[in-house]
Amino acid sequence: MYFGQTGHLVKSKVEEHKIHLRLYYYERSVVDHHSIESDHHILFDEVQIIERTNKYWDCLINEAINIRIHINNLNRDKSLQLSETWDLFLSSIDRCFNGE
């Protein structure tokens, strides 16, 4: 799982990743690096947009929340760090969505 933001169309980003994988050019992308290093086939046809906004801070906060909730993600850039006070709240949300 990878969470990020882009000003490009998702279709364009997916095509960019596919080209990088074909050329084994993965220095700039953690998704491509993971795919090549772990021999893990990325399901590009199943890419989903989880939220769309033009507001910069909304993007950063949403990304930070999803990175914190989904521990096993591929994100290496932790640009916005949430305070530990969010942990109890986010763990309760995670339990609700995952049926625990």
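Mentor: We shall begin with the overall fold and then turn to contacts and rings. This is a predicted model, in which local features need pLDDT of at least 70 and side-chain atom pairs count only at pLDDT 80 or more, while totals for chains, interfaces and linings use all residues. Residues are numbered from 1 along each chain as its sequence is written, and side-chain values use heavy atoms, with hydrogens and water left out.

Trainee: How many helices and strands does the protein have?

Mentor: Helices (H or I, at least four residues) and strands (E, at least two) are DSSP runs, numbered from the N terminus. Here there are four helices and zero strands, in the order α-α-α-α from the N terminus on.

Trainee: At what angle do the axes of α1 and α2 cross?

Mentor: Axes are lines fitted to C-alpha atoms, for helices over the stretch in contact, and angles run from 0 to 180 degrees between N-to-C directions. Helix α1 (residues 10–22) and helix α2 (residues 30–38) have axes that come within 10 Å and cross at roughly 40°. The two are therefore oblique to each other (under 35 degrees is roughly parallel, over 145 roughly antiparallel, 65 to 115 roughly perpendicular, and the rest oblique).

Trainee: Which residues make the contact of α1 and α2?

Mentor: Contact means heavy atoms within 4.5 Å. From α1 come H17, H20 and L21, and from α2 come V31, D32, S35 and I36.

Trainee: How is a pair of aromatic rings described?

Mentor: Such a pair is described by the distance of the centres and the angle of the planes. Rings of Phe, Tyr and Trp (its six-membered ring) pair if their centres lie within 6.5 Å; planes under 30 degrees apart are stacked, over 60 edge-to-face, and the rest tilted. The structure holds two aromatic pairs. In one, the ring centres of Y56 and W57 are 5.5 Å apart and the planes stand at 80°, so the pair is edge-to-face. The pair of W86 and F89 is also edge-to-face, with 6.1 Å centre to centre and 70° between the planes. W86 and F89 are three residues apart in helix α4 (residues 86–97), and are thus separated by about one helical turn.

Trainee: Is W57 buried or exposed?

Mentor: Buried means under 20% relative accessible area, exposed over 50%, and partly exposed in between (1.4 Å probe, protein chains only). W57 is exposed, at 53%, whereas W86 is partly exposed, at 32%. I69, in helix α3 (residues 56–69), counts as buried at 17%.
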